Amino acid sequence: MGVVNVTPDSFSDGGQFGSADAAAAYARRLIEEGADILDIGGESTRPGAAPVSVDEERRRVLPVLERLAGCGVPLSVDTRKPEVMRHAISAGAALINDVSALEEPRALQAVTASTVAVCLMHKQGEPQTMQQNPHYDDVVREVREYLERRVRAVEAAGIARDRIVIDPGFGFGKDFEHNLALLRGLRSLSFLGVPVLAGLSRKAMLGRLTGKGPADRVHASVAAALLAIAEGASIVRVHDVAATRDAIAVWWAVRGTIGPAPAQTE
Ligand code: 7PM
């Protein structure tokens, strides 16, 4: 899954349509690099990010979705807002990536009224403040139990299990040790047959390990993506598609499949 951030700073060339064109061109490049899914986001969910209005988020995301219709890969929209979800679904989105895991009743309704897939992500707290003092007694167990509850709730609302992806939400109300524990324990999230999505790309945890800024975390991000795959992730959300693709090609040649080694039988 390639990340397409549609924010004023990421594709600013002045005009609104110019930036939508630039974002769509960037997205097409990610497809050429081997992205199987694109995740389009208007930046309301970033840790510490200022809130963005519904209208502003629509103005950022919808023109890009429209330009990418028929691009050949499923389009995901990273949003927590029910109105943005509804418009994105009408504009052809195949997946709603909700970092609030459809906890808002209207978000759940927006998705149940459609046939799209959904990514349910764990976070602790709200993006503005969640990194201030995250606390868990057992992060892997708590994240697993939360995701299990959300899968059941979303299924009970009428969304079939084969439409659901789960995500531990690296960096969303987690400190360095919490993130490491979740990556080590990722396999324990592979329950109920629901695919696991891992988003580690360029995150602060990799900055702490390498001492490098976000743009220089490419190699660390590739290593993290491959480790996530080794621990059972089916989808990796990445900025650096070409580099991650190369690493997966090596993995594929050796293992012949994506995912953990089969359990040893006695
Ligand atoms: C600062 C910190 C800026 C983190 C941007 C981010 C995820 C996501 C994001 C994830 C799912 C980024 C993140 N991360 N959606 N949206 N999983 N499902 O790296 O880990 O873009 S925002």
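This short talk goes through the sheet of this structure and then its cysteines.

Before anything else, please keep in mind that this is a predicted model, in which local features need pLDDT of at least 70 and side-chain atom pairs count only at pLDDT 80 or more, while totals for chains, interfaces and linings use all residues. Residues are numbered from 1 along each chain as its sequence is written, and side-chain values use heavy atoms, with hydrogens and water left out.

Let me start with the sheet, where strands are DSSP runs of E with at least two residues, numbered from the N terminus, and two strands pair if DSSP finds at least two bridges between them. There is an open sheet of 6 strands, paired in parallel, and its order reads β1-β2-β3-β4-β5-β6. At its edges are β1 (2–5) and β6 (164–167), each of which pairs on one side only. On average, neighbouring strands of this sheet are turned by 25° against each other, with direction ignored, the angle being taken between axes that are lines fitted to C-alpha atoms.

As one example of the pairing, strand β2 (residues 38–41) runs parallel to strand β3 (residues 75–78), and 4 bridges join them; Ile-40 has Val-77 in β3 as its bridge partner.

Now to the cysteines: if we take a disulfide as a pair of cysteine sulfur atoms within 2.5 Å, the count is 0 disulfides. Cys-71 is in none, and the nearest cysteine sulfur, that of Cys-119, is 19 Å away, which is too far for a bond. Cys-71 counts as buried (under 20% relative accessible area, with a 1.4 Å probe and protein chains only), because its relative accessibility is 16%. Cys-119 is buried too, with a relative accessible area of 0%.

Terms used: Buried means under 20% relative accessible area, exposed over 50%, partly exposed in between (1.4 Å probe, protein chains only). Axes are lines fitted to C-alpha atoms, for helices over the stretch in contact, and angles run from 0 to 180 degrees between N-to-C directions.
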